[in-house]
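Subject: Structure handover

Hello,

Here is the structure we talked about. Please open it alongside this note. My findings follow below.

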Amino acid sequence: MRRSADHRRWWQSEPREDSSAVVGLQSGFAMIALTVVCTSFLALGLVSGGVERTWLYVAMFGAIGVAVGLLLRAPGTPVVRWATVTAVAAEVVAAVAFVWAIVPVDRAAMMPFAGATAVIGALFCFRGRVGSAWVAFAVVTAVLGGAGQLRADGLHYLVEPQSGNLGILVMMTVFAAIVGPRAEQLFALRRQAGRENTAFAVRAIRDHELARLDDRVRPLLQRIADGDPLDPVECRLVESQLRDRIRAPGLDVPVVADAVWEARERAVRVLLLDDRGDRGALARVDAPAGPLAAVRAAAVEALECAGPGDDVTVRLLPDGRRVFATITVASGGAVALREFGIDGAPVRPPRICP
């Protein structure tokens with residue numbers, strides 16, 4: 001599910017449309033799981049008895065953590081270039097530290113490094129950087145061979161960790177070649193479905209609004225066509241309702257429009273205002289949830305209670321304010337003000353000013 005920036009948690013990155021989304025790597029569970037895996041690798045290495053420099057072994061896994069974190073959270077499809085270069089560099093640094101951190105060619109201390117670097121290679125493929133995965137594999141292989149020759153036997157440093165990683169990287173390359181294009185097709189179909197749903201919703205809202213307009217305006221047009229006299233009161237009501245639809249699209253729903261019509265028939269003066277920036281988004285009839293629904297319900301209640309000669313003003317305030325909307329009712333020389341917060345709840349009890 002796609003989340004906006006306002007609804008993402010601190011550990012969530014911008015949603016991406018790639019293989020990592022298909023296999024669930026953008027979830028919080030994936031981050032927890034990989035953290036547990038890397039921590040387990042570190043613990044296994046430390047208790048293996050083959051670590052010669054503990055601080056360097058821990059630093060090695062710190063570099064591995066940097067690479068894993070970047071490949072999990074960095075934006076872009078494929079992952080952005082700076083994150084790719086940094087992850088490759090971090091893996092190479094980890095390889096250098098690995099050679100000097102363990103007892104020469106101690107197999108028990110080698111296996112955690114092999115597993116961690118296999119995870120990095122898989123993440124490169126998931127994030128659309130298969131070429132970078134092979135570059136990192138080649139550079140790490142060269143580093144292990146050269147640095148390992150200085151410590152003991154370079155061949156042992158190559159065979160133990162890299163032989164298994166080679167097979168894993170080949171499989172992940174095949175996986176990326178198969179799943180990557182399918183993921184692109186999947187998200188392309190999702191975007192197309194979203195566009196079609198949006199177009200359908202727009203047509204439905206347009207048809208609904210035309211039907212409402214037809215109910216109010218057609219009788220007047222028919223009288224004009226027939227040459228019958230027009231009712232001035234009804235003409236003013238229709239004109240006022242058309243103005244409401246322009247001035248306050250966020251309040252232009254049938255339940256509010258009917259309440260305003262009936263109130264004006266009782267000689268109540270009504271003013272509807274919508275000063276928010278996303279007026280087009282607020283005009284949706286099929287969105288009952290949220291603060292707008294509470295304001296609409298309160299407006300209907302105020303309009304039904306208003307008597308002849310009263311003034312009722314309903315206003316949706318501009319964005320960025322603590323108050324979402326206000327409803328003012330002037331009756332009998334007193335003014336009652338109701339304020340609604342961004343969650344739709346009243347900010348304070350109604351204030352009555354004499």
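The side chains of Arg276 and Asp319 form a salt bridge, with N and O 2.8 Å apart. This is a predicted model, so please read every value here as computed from it. Arg276 sits in the loop between strand 1 (269–274) and helix 10 (279–282). Asp319 sits in the loop between strand 2 (311–316) and strand 3 (323–331). The pair therefore ties together parts that are 43 residues apart in sequence. Are the two partners buried or exposed? Arg276 counts as buried, because its relative accessibility is 15% and the cut-off for buried is under 20%. Asp319 is partly exposed, at 45%.

Two of them can be followed along helix 8.

Take Arg243 and Glu239. Their closest N and O atoms are 3.0 Å apart. Both residues lie in helix 8 (residues 232–247). They are four residues apart, about one turn of the helix. Arg243 is partly exposed, with a relative accessible area of 45%. Glu239 is partly exposed too, at 39%.

Next, Asp244 and Arg247. Their side chains meet in a salt bridge at 3.5 Å, N to O. The two are three residues apart in helix 8, so about one helical turn separates them. Asp244 counts as buried, at 6% relative accessibility. Arg247 counts as partly exposed, at 32%.

The nonpolar cores

The largest nonpolar core has 52 residues. Within this core, Met60, Ile64, Phe98, Phe113 and Leu123 touch the most other members.

Leave aside its neighbours within four places in sequence. Phe113 is then in contact with Tyr57, Met60, Phe61, Ile64, Ala94, Ala95, Phe98, Val140, Leu144 and Pro161. Another core lies apart from the largest one. This other core has 25 residues, among them Val314, Leu316, Phe324 and Ala325.

Asn165

Asn165 is in helix 7. Is Asn165 buried or exposed? Asn165 counts as buried, at 7% relative accessibility. What does Asn165 touch, not counting residues up to four places away in sequence? The answer is Ala114, Thr117, Ala118 and Phe137. Asn165 and Gly121 are 44 residues apart in sequence. In space, their C-alpha atoms are 8.2 Å apart.

A surface patch

Leu44, Leu46, Val47 and Val58 make a nonpolar surface patch of about 360 Å². Val47 is in the loop between helix 2 (28–46) and helix 3 (54–73). Val47 is exposed, with a relative accessible area of 68%; the cut-off for exposed is over 50%.

Best wishes

Technical notes:
Residues numbered from 1 in each chain as written. Predicted model: local features only at pLDDT ≥ 70, side-chain atom pairs only at ≥ 80, totals over all residues. Heavy atoms only, no water. Patch = residues over 30% accessible without salt bridge, like charges linked within 9 Å, V, L, I, M, F, W, Y side chains within 5 Å. Areas by Shrake-Rupley, 256 points an atom, 1.4 Å probe, with all protein chains shown as cover. Salt bridge = Lys/Arg side-chain N within 4 Å of Asp/Glu carboxyl O. Buried < 20%, exposed > 50% of the residue type's maximum accessible area, 1.4 Å probe, protein only. Core = buried A, V, L, I, M, F, W, Y, C linked by side-chain atoms within 4.5 Å. Contact = heavy atoms within 4.5 Å.
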